Amino acid sequence: ALGVRKTVELDAIFARLLVPSASSVNGEKSISKWSHVDLIKYLASVRDDIPSEDLKKLKVTPICAAEAGPAGQEASQGTSRRYKIGELFEPKDSLRSLGLPILQWSGKGEYRPGSQEGRFLTSLGLKAFPSAVELVEMMASDNLAMRGRAMTYFIANHSLNGYSSFEIGGTKSAFLPIQGDEKRLVSPAQCFTNEKSALLGFSVLQQQLVVHANKFGVAENPPLTECINRLIAEPPKTHRDAISLFGYFATRVGEFGPNYTAKVGDAQIVPVLSKAQTEKHSHVSKHVAPQACFIGEPGTYRDIFDFVDFSPEANLFLLHCGSKHQPSKLQVASMLATEPARVLGIVQSPDKYLSLLRMIADALPDLKRDRTLFKQMKTSSFLLATRDIPGKPVKQDENKNGSYDLDDDDEDVAIKQ
């Protein structure tokens with residue numbers, strides 16, 4: 001009631017802790033020096049009697065030394081610098097290898113986290129392991145060895161230390177190695193595990209880390225919107241490129257909604273090769289939209305419409321985006337109405353042209369439903385007609401003098417045009 005303390009006042013303890021040496025002052029015996037370990041043992045023994053204000057002061061006062069030995073070895077001597085307890089880590093070999101500031105505890109028995117002293121230090125902020133943020137900083141270090149040790153520690157202790165609660169995928173720090181460029185590091189959002197995404201210029205996570213991709217917040221594929229934008233901006237230039245690129249998109253057709261399907265279907269992304277170009281494996285100069293080309297054997301329409309044939313997977317992607325195996329009768333009618341002379345020149349046969357006209361004639365009800373097309377057909381000169389042009393008389397038997405005798409019944413031979 002008179003204010004007698006149950007514990008030694010902190011200022012007195014700190015004065016004893018910080019005395020540089022034992023010497024006599026004015027003939028009086030000097031106060032003996034305490035180590036920080038002595039201090040912690042005393043404070044832990046009177047933990048329940050320490051005023052709350054003193055506990056707060058203990059958290060913000062640098063009173064403990066760190067190990068001063070080489071990384072990876074327990075140091076018998078502490079540093080001359082004093083640290084706040086919250087700046088230090090428990091004495092563990094796994095933490096020493098990371099180069100972290102470790103609480104110096106040698107010579108006073110083995111440190112045990114569950115002991116009275118261990119629990120007291122934990123309550124004052126002594127860290128049992130580095131945070132995910134601290135590990136990310138180490139993994140982004142210029143020190144290659146340090147990066148490797150930090151990454152190994154993060155993977156091994158991911159569940160034990162609760163790193164899964166940290167949204168590491170959203171960090172902007174570049175700390176992940178990628179395939180093809182060992183010196184370059186990227187953030188989790190800048191790389192992916194699917195190697196085929198490299199076809200679109202995306203970075204791929206280093207192969208040995210793919211099994212741990214979930215721990216690092218690395219997705220399998222880039223966002224579909226970005227993939228489609230890159231495809232449209234830089235469509236494949238060769239037949240081989242198209243097989244690879246369209247094959248990759250075929251694995252993602254399940255993600256396509258109506259908007260994506262329509263956007264890709266109208267984009268000029270399909271390389272079309274002429275026969276000569278196909279043989280030479282040359283770059284194409286023409287791209288068409290999936291909705292404007294057809295898959296498989298062209299048959300009758302070989303030279304009228306654009307037919308392509310890639311791999312089964314690539315073809316599946318194009319069919320999903322609007323390509324067909326054969327043109328519809330409406331498409332044939334539209335081609336005849338817009339470019340009749342070109343079509344006639346391509347088929348090079350009136351009979352083949354007439355067969356096309358017969359085919360669309362059979363689809364008259366469907367043609368009428370497309371009012372714009374049917375109106376165009378009414379005004380387009382696309383029907384095939386013939387007329388007879390009078391020709392010269394047919395020559396009869398030649399006379400001995402080289403002339404011809406014409407009978408009165410001889411008729412002019414008409415020329416069909």
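**Reading the buried cysteines and packed helices**

Reader: Cys321: buried or exposed?

Author: Cys321 is buried, at a relative accessible area of 1%. Buried means under 20%, exposed over 50%, partly exposed in between (1.4 Å probe, protein chains only). Cys293 is buried too, at 0%. The model is predicted: local features need pLDDT of at least 70, side-chain atom pairs pLDDT 80 or more, while totals for chains, interfaces and linings use all residues. Residues are numbered from 1 along each chain as its sequence is written, and side-chain values use heavy atoms, without hydrogens or water.

Reader: Which residues of helix H13 are buried?

Author: In H13 (residues 329-338), they are Val332, Ala333, Met335, Leu336 and Ala337. They pack against H14 (340-347), H15 (350-361), H16 (364-369) and H17 (371-379). Contact means heavy atoms within 4.5 Å.

Reader: How are two packed helices described?

Author: By the angle between their axes and the distance between the axes. Take H2 (residues 36-45) and H5 (residues 116-123): the angle is about 90 degrees, and the axes lie 9 Å apart. So H2 is roughly perpendicular to H5, a label for 65 to 115 degrees.

Reader: Which residues meet there?

Author: From H2 come Ile40, Lys41, Leu43, Ala44 and Ser45. H5 brings Gln116, Glu117, Phe120 and Leu121.

Technical notes
Helix = DSSP H or I, 4+ residues; strand = E, 2+ residues; numbered from the N terminus. Axes fitted to C-alpha atoms, helices over the stretch in contact; angles between N-to-C directions. Parallel < 35°, antiparallel > 145°, perpendicular 65-115°, else oblique.
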